[in-house]
Amino acid sequence: MISSMNTDERRTIVVIGNGMVGHRFCEKLTEMDTDRQYRIVTFCEEPRAAYDRVQLSKYFSKRDAQELMLADPDWYAEQDITLYLGDKVVSIDRARRVVQSAQGREIPYHAVVLATGSSPFVPPTPGIDKPGVFVYRTIEDLDRMIAHSAGAKRAAVIGGGLLGLEAAKAVMDLGLESHVVEFAPRLMPRQLDDRGSIILKDKIESLGVTVHLNKSTKQVLGETSVEGLLFADDTRLDVDMVVVSAGIRPRDELARACELDLGPRGGVMVNDRLQASDPYIYAIGEVALHRGMIYGLVAPGYEMAEILATNFTGGDRDFQGVDLSTKLKLLGVDVASFGTFEGDADVAKSITFEDPISGVYKKLYVTSDGKHLLGGMLVGDASDYTRLLSICRSGKPLAFPASKLLVGKSAADAGAADLGDDCQICSCNNVSKGELCQAVQSGVTTIGELKKCTKAGSGCGGCVPLVTDILNAELRKAGRVVDQSLCEHFKHTRQELFQIIKVKEIRTFAALIAGHGQGAGCEICKPAVASILASLWNENILGERATLQDTNDRFLGNIQRGGTYSIVPRVAGGEITPEKLIVLGQIAKQYGLYTKITGGQRIDLFGARVQQLPEIWDQLIAAGFESGHAYGKSLRTVKSCVGSTWCRYGVKDSVGFAIQIENRYKGLRSPHKLKSAVSGCTRECAEAQSKDFGLIATEKGYNLYVCGNGGTKPRHADLLAGDLDEETCIKYIDRFLMFYVTTADRLTRTAVWLDKMEGGINALREIIIEDKLGIAEHLEEMMQNVVDTYRCEWAEVVKDPAKRRFFTQFVNTDETEPDIEIVYEREQSHPAPWPTDDVVLTQLTLPKPATNGSLKTWTRVGSINDFPAEGGSAIRYGYMQLAVFHFASRGEWYVTQNMCPHKREFVLSRGILGDQQGEPKVACPMHKKTFSLKTGGCLTGEPYSIQTFPVKIVGDDVLVLLPPPGELATSPAVMQRECGSACEMCTV
């Protein structure tokens, strides 16, 4: 027995249960207990501290429990709260006032707060205990569902209430065919009437979920695991997974064991002070039975927690019960109810609006004289919920006909400005508009800060759009609107520039900046505009647009260590012939390239020098390869499993469809890279749900998922539509990709784009599938133009001498020299590690030119046409590499060392030119360090500088003022002194 001998003079409150309500009580008591009267000890039987159960289905998106955490254990320690994780209280000794835990802890108490919540009700149906039957309550439940779903195809959810529809969303997110089974004749029987339920049913079924009403489950079928459900009418539903969500039961076993008063159907009976039949024991949340009512929503539990904390700290509040107003998004469908939504015809009258085409149903109850709003329900469009709830709770008479509540100015039109300061915005945490405004006025500037400061939006999340509106309105009022300009050269967002270029049919950066910008551009706006031009007109990205591009696009390969490039040919769908594999091996051997299989089922060839690229591409094209666009913000790969052609589980030819998709969208330029996959069955071997768009084959077609990604912050993709044929898949993907290309910010992945989109996946579904904006046909036409005008960018260089001539190491000599030290490991070559002192390097420049001006001469380094306009090229002078830049838009020329001092790579000539508040600069293509072309100083704040040299133009010649080559040469001794490491450059 572990005895907790408390020497603390404070009174001990033991909180049993660390769910959302238990956590809220701890939070409120520590906030209000300014005199530090209480010591809090809380027990949590789960392995982690409190998390947001309301948002439980979001776990399927990122599968990271940390995303749902309300607070981590460090928070409890900081608040001086003793938290016991993974330890369940097993008894309460009321006589001794001691609680005992499963791990043997004994804690004396002055008061106990029962916050044990509820457990799922599992009906005693024969076979309900078979493997493959789950409840939907904890993260561990979800992990078990995920593990089982790998071998499942169809799932049924027993229960058509709030939790049942949430569970159905979870099943859909797992890529399974989804069925909802409800005993009652309508969905959500406690919240909706018959017509509202019909609208909701139609909306849900349009998303691919089959709803079965008036169905009583008689037996769960199967020998060793679930095989189906047998109903009371002797019909059968074949499924291989079942989720039970048929209601909740209060977790009152502790109270029962210590003989507290319970309700006839369970629940700890409490008075208005939330006190049980033992005056030292209290109950809050779903375990509490107050005036015959158990509240299954988080908002009443939060109010109970706040009231109890208030009373413990000297306050005097009674819990009078709350209405069950709620706004939810179920399977992407808005559903809300508030106040009284059933009424006696002599006392109340109803006003109804129904749009079966759009799937919208609204019903309000008003007093018989039409002067007061009593309550209502909203299905399909709940944008008016906050406004209507505020009017209902105010009790004030209506100043206009009640019908105007449904057909007048909507909440979306009214906005935050029309709401009073006393209007409750967040019902979960009882936060008013006035409190939000006060927080913004005190210095809060982001939605994250506002949620943390006021708790608004941290419950169910339904109020977040309105909270955001209030934040933005207050920021505008205070003159603190965030500047969303692309950069100093364009006072427009990327989306605005996209529309300007499209409407005015602008084809060049020069025309755009002349008409809608200022200055000469920079490393931010030039690639962004180049991407837009490519997305709209799909003209070759080189030629006059070459110097707009980041080095990857300018040289059509991914820049790597030492200024070398990697080459990734397209291998559509991951399918490749032995003959092509042999060609890749021969080329790698010929040029000494490091080879590796990529995560996207392609082969990457590393270490090609810029002058080698066209000749390597020439050989690849001759063997039937083309550019894989691994260098661009464009479609990378469409990964596939072998599908029905080989796999015994496959139901569709996933390889064939992946090849079709990849060949359709190859070359599409977008705000960020795009990845895709096609899986031949629900076993999901191609990992389609972690891609920007992915397809999973079903018996009826394909499920289309969008806006997933791996990387630093993985996100599970959302289901856009289910059971689609291939033609419809292509149509929806066309629309989806072009809508993303048109509306996303620069360098924004589809996952972040969707997370920022108001309305989320439901709004996207309305645009892509329902064509809410009337632009679907136009998006398809835009995509078809990209498809029709595709050209292999490697082939365009190989066959065009004008483009090919810039793929040289030096423009003034055909000689080449190594730029990096190579080492050998595991039978392959790769660059030697970077010097370890790069982070602490304080200054690195080349040896200073001789100070004796008579020794310097104007040296010809090439002709004007040798150097690209608005860009640079490298020249060799003795053993020195110099970068020569033609800043044509400013009529200026500059020469600097070619080595960037940050990582000592000889790459500055390939950087993007621009200006910063008028100062001409170059951005290193490796890590975007920027340097003044006039002074050589680093403009990004690091303690580096580069050497600059005078330059002038005489006729067609470019002349640079240089000392004799010997004085500017870098000997091994000098390189070791300046660089700190010896490499091939020292021994040239």
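A residue counts as buried when its relative accessible area is under 20%. Keep that cut-off in mind while touring this predicted model.

Start with the salt bridges. The count comes to 57. One of them joins Glu815 and Arg876, whose side chains meet at 3.2 Å, N to O. This pair ties together distant parts of the chain, 61 residues apart. Glu815 sits in the loop between α27 (801-804) and β38 (822-825), while Arg876 belongs to strand β41 (residues 871-877). Is Arg876 buried or exposed? Its relative accessibility is 14%, so Arg876 counts as buried.

Now move to Arg48. Arg48 makes a salt bridge with Glu140, and their closest N and O atoms are 2.6 Å apart. Arg48 is buried, at a relative accessible area of 19%.

Next, look within a helix. Glu27 and Arg24 form a salt bridge of 3.0 Å, N to O. They are three residues apart in helix α1 (residues 20-32), so about one helical turn separates them.

Arg10, Arg36 and Asp80 are linked in a network of them.

Take Asp725, found in the loop between β37 (718-724) and α22 (726-743). With a relative accessible area of 42%, Asp725 is partly exposed.

Notes
Residues numbered from 1 in each chain as written. Predicted model: local features only at pLDDT ≥ 70, side-chain atom pairs only at ≥ 80, totals over all residues. Heavy atoms only, no water. Helix = DSSP H or I, 4+ residues; strand = E, 2+ residues; numbered from the N terminus. Buried < 20%, exposed > 50% of the residue type's maximum accessible area, 1.4 Å probe, protein only. Salt bridge = Lys/Arg side-chain N within 4 Å of Asp/Glu carboxyl O.
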